[in-house]
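Hi,

Here is the structure I promised to pass on. Have a look at it first, and my notes follow below.

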Amino acid sequence: MSKKLTIFDITMEFEILSKSKARELKGLASKKIRDREKLFLAEGEKCVLATLGAFDLELLIASSQWLQSHSDLPQDVMKKIRKADMKTISIFSTLSTPSEVTAVFRKPDGYEVVPELNQDSLYVLLDEIQDPGNLGTIIRTCDWFGVYDIFASANTADVYSPKVVQATMGSLRRVRVHYVDISELIDKNRQLPVIGTLLNGSPLQSVKPKKGGMILLGNEGRGISDNLREKIDVPVTIPPVNSSSHPDSLNVAIANGIVLSHFRKI
């Protein structure tokens, strides 16, 4: 059974995070530094606690107050704890209001290997999704609907960006994001229909749900690339309730949730 933290432990045992180390961690806001160091940040209590155990923990940085209220941390986590005051945490935090706890995780290996696709499974393909919040929400929504492999083009936002990690709220422990050539992936898996979200597609409710397939989502500004549009087998659209007055388009993360809900009806 894990040792319980005591007030003595919290005030005396843990090493204090230096300001120089905090400045090093600030670099993890950059993809270039994340790739070089093979590390990423998870900020906020819910995100940190949900992600613990899914990736190799490098450091857990927390205030004394947070540690006092979380005395049931496992022994292997305790060894990685560094105490810091909020002024030091704010040096590397990417949040407008820094959290009292941040975890530094090691990026996993092996996601560059494309898994064999199952003809009875659903997959989501992302064509240059740029907004970190959208990507994080897509990952979280895929987790909800049981889609555990996402394939993203090289120009899609980095899944280990702090904003993406926070938006996933822990779903990164179950959902894998592979950066691949989307066109090549489709060509190698023609047994799976490509379901593309287009403004001029068939109304979603008129399309029979399929057990397996690849749901293709396009860039927030220009939609799906021309070369990928040619590979769509089932073009779908989500029609607005008011056909005469509505926004120009639907947010891509919301569209993903609606389409997944439809195809999960079977």
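Before anything else, a word on "contact", since I use it a lot: it means heavy atoms within 4.5 Å. Bear in mind that this is a predicted model, in which local features need pLDDT of at least 70 and side-chain atom pairs count only at pLDDT 80 or more, while totals for chains, interfaces and linings use all residues. Residues are numbered from 1 along each chain as its sequence is written, and side-chain values use heavy atoms, with hydrogens and water left out.

Let me start with Arg-106, as that is where I needed the contact cut-off. Arg-106 sits in strand β5 (residues 101-106); helices (H or I, at least four residues) and strands (E, at least two) are DSSP runs, numbered from the N terminus. Leaving aside neighbours within four places in sequence, Arg-106 is in contact with Glu-37, Lys-38, Leu-39, Phe-40, Phe-55, Asp-56 and Glu-58. Glu-37 is 69 residues away along the chain, yet the two C-alpha atoms are separated by 8.5 Å. The Arg-106 side chain also reaches the backbone oxygen of Glu-37 at 3.5 Å. That counts as a polar contact, meaning a pair of N or O atoms within 3.5 Å; within protein, one must be able to donate a hydrogen and the other to accept it, and residues adjacent in sequence count only if both atoms are side-chain atoms. With 30% relative accessibility, Arg-106 is partly exposed. For these labels, buried means under 20% relative accessible area, exposed over 50%, and partly exposed in between (1.4 Å probe, protein chains only).

One of the partners of Arg-106 is Lys-38, which has a positive phi of about 60° although it is not a glycine. Lys-38 lies in the loop between α3 (31-37) and β2 (39-43) and is partly exposed at 44% relative accessibility. Met-169 is another non-glycine with a positive phi, near 50°; its place is the loop between α9 and β8, and at 24% it counts as partly exposed too.

Now the overall picture. The chain has 12 helices and 11 strands, and its C-alpha atoms fill a box of roughly 65 × 40 × 35 Å along the principal axes. Of the 266 residues, 48% are buried. Among contacts with a separation of 6 or more, 79% are between residues 24 or more positions apart.

For α8 (residues 132-144), the 13 residues should span 18 Å at 1.5 Å a residue, and the end C-alpha atoms are 19 Å apart, which agrees; the expected span is 1.5 Å times one less than the number of residues. Asp-131 caps the N-terminal end of α8, with a side-chain oxygen 2.9 Å from the backbone nitrogen of Gly-133. Just after α8, Gly-146 takes a positive phi of about 75°. The buried residues of α8 pack against β6 (122-126), β7 (149-152), α9 (162-168), β8 (176-179), β10 (213-217) and α12 (252-263).

In α12, 9 of the 12 residues are buried, and what covers them includes β6, α8, β9 (194-203) and β10. Here the cap is Asn-251, whose side-chain oxygen lies 2.9 Å from the backbone nitrogen of Ala-253.

How do the two helices pack? The angle between α8 and α12 is about 15°, with the axes 8 Å apart. They are therefore roughly parallel, a label for angles under 35 degrees.

Last, the loop between β7 and α9. Asp-158 is in this loop and is buried, at 10% relative accessible area. Its side chain makes a polar contact of 2.7 Å with that of Arg-34. Not counting residues up to four places away, Asp-158 touches Lys-31, Arg-34, Leu-135, Val-164 and Tyr-179. Ser-161, in the loop between β7 and α9 as well, is buried at 14% and, neighbours within four places aside, is in contact with Arg-34 and Pro-132.

Cheers

Terms used: Axes are lines fitted to C-alpha atoms, for helices over the stretch in contact, and angles run from 0 to 180 degrees between N-to-C directions. Angles under 35 degrees count as roughly parallel, over 145 as roughly antiparallel, 65 to 115 as roughly perpendicular and the rest as oblique.
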